Amino acid sequence: MLKRKALDKILDWKKKKNKKCLIVQGARQTGKTYIIRKFAEENYDELLEINFKETPSASEIFSNDLNVDNMVLAIRFRYPEKAITPGKTLIFLDEIQECEEAITSLKFWATDNRYDVIASGSLLGIDYKRASSYPVGYVDYLKMYGLDFEEFLWAKGIKADMIDAVRGFWGSQKAVPEAINNQMMSYFRQYIAVGGMPEAVQKYIYTEDFREVDTIQRNILQGYQYDIAHYATAEEKVKAEKCYLSLAGQVLDKENHKFQYKEIEHGARAQKYYSSIDWLIRADIIHMSKLVTDVRFDLSDYARNDFFRAYTTDLTLLIAMKDYHFKQYIVENTIAGNSKGGIYECAVADALYKKGYSLFFYKKDNPHLEIDILIQKDGKILPIEIKGGNNRSRSIKSLIEKNENISCGYKFIDGNIGVSDSGLITLPLYMASFI
């Protein structure tokens, strides 16, 4: 059984006095249904679960008057074994994107405020536009991701106090004891090879067999391709799938990790494919890091939509796009060439994305400056570089010297902690999860 941080966040929602309905968003296979069921088991006498994909006929409950009493009565007639008691029953509307009126009904559940209602769906960013009346202002949101590295460590049996002790070395700016640092890097490489999708992690914890993990990874990737084929418009289906399956080559096989349309097909241009990229983002299938033309707050004001890097929303999907033996090279730390820097960049981007950060990067030719990732934290800009080795970071040092809004920068390496007088803090790659 995997321990997830989302459980505490849903509990915080339950404790609110005048709470709205909760929509748990996120890509497929991230564990949304599992965590809601577990939450219900621990906090309610009864769970009423309606999955609109498994039971399309349940949409009839919401086909007429959306008065709460009428909906509850219709639910009780359909599920006579359920009591549907305020405060004791959790109403869980799963795959809600399949029922437009159920989405609309969230406004009325929230206004009535007698029943606890959680909705979940994998492609709400695509389907919400079809709802007859989207319940803006009547719902709270929780974004679910695959497991982050800390949750992976919990699954491996590493206790929270042990993780806190390692995190403490960052706070004290002292090097992590070598035996501990080496073991943490080993765990981190395992995490990269497996990714954060719960089914893949669970299989690895039970078997430690990467061949079985590989089968799970490829099945999940195939499921994502099915979603593209099923939900994308006829015009976007083929283009969106081509864009998605090009990601491994875009970020792992090239020195320049900028998304290039020519990698999809010869002569391809943004005019043809950008709408497909936009669809993949709204479907929670990819996320992106945008180039900024200037490094100043607010970075989004200087971001270019036409110049970006694109990443899968979980490492599981990226690894599934590569040959099976790529996992072996990651775990054994024998990756060479562009792939080494590329996979570590993806791992750090994955960690920051799962923390909820918007990602940017900076590149300037004269003088040459390149920052792999920029985020905004506590009202300040934080530059980040990712190194396969422990190369110098002239770009970050130059940025710190010239920008008053940048007090420090991070360099993540396959190494240990170090601090320079210039404000550059060198950290082991796994500590990206601690930001």
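How many bridges join strand 3 (residues 89–94) to strand 4 (residues 116–120), and do the two run parallel or antiparallel?

Modeller: This is a predicted model. Four bridges join strand 3 to strand 4, and the two strands run parallel. Within this pair, L90 lies opposite D116 of strand 4. Helix 4, residues 100–112, packs on the sheet and touches strand 3 and strand 4, as well as strand 1 (21–25) and strand 5. The direction of helix 4 makes about 140° with that of strand 1.

The pair belongs to an open sheet of five strands, ordered 2-3-4-1-5, with parallel pairing. From one strand to the next, the twist averages 20°. In general, the strands of a sheet pair through backbone hydrogen bonds, in either a parallel or an antiparallel way.

The axes of helix 9 (residues 198–207) and helix 10 (residues 210–231) come within 9 Å and cross at roughly 170°. Because angles over 145 degrees count as roughly antiparallel, helix 9 is roughly antiparallel to helix 10. On the helix 9 side, the contact is formed by E199, A200, K203, Y204 and T207. These meet F210, E212, V213, I216, Q217 and I220 in helix 10. By class, the contact between helix 9 and helix 10 has six nonpolar, two polar and three charged residues.

Notes:
Residues are numbered from 1 along each chain as its sequence is written. This is a predicted model: local features need pLDDT of at least 70, side-chain atom pairs count only at pLDDT 80 or more; totals for chains, interfaces and linings use all residues. Side-chain values use heavy atoms; hydrogens and water are left out. Two strands pair if DSSP finds at least two bridges between them. Axes are lines fitted to C-alpha atoms, for helices over the stretch in contact, and angles run from 0 to 180 degrees between N-to-C directions. Contact means heavy atoms within 4.5 Å. Angles under 35 degrees count as roughly parallel, over 145 as roughly antiparallel, 65 to 115 as roughly perpendicular and the rest as oblique. Ala, Val, Leu, Ile, Met, Phe, Trp, Tyr, Cys and Pro count as nonpolar, Asp, Glu, Lys and Arg as charged, and the others, Gly among them, as polar.
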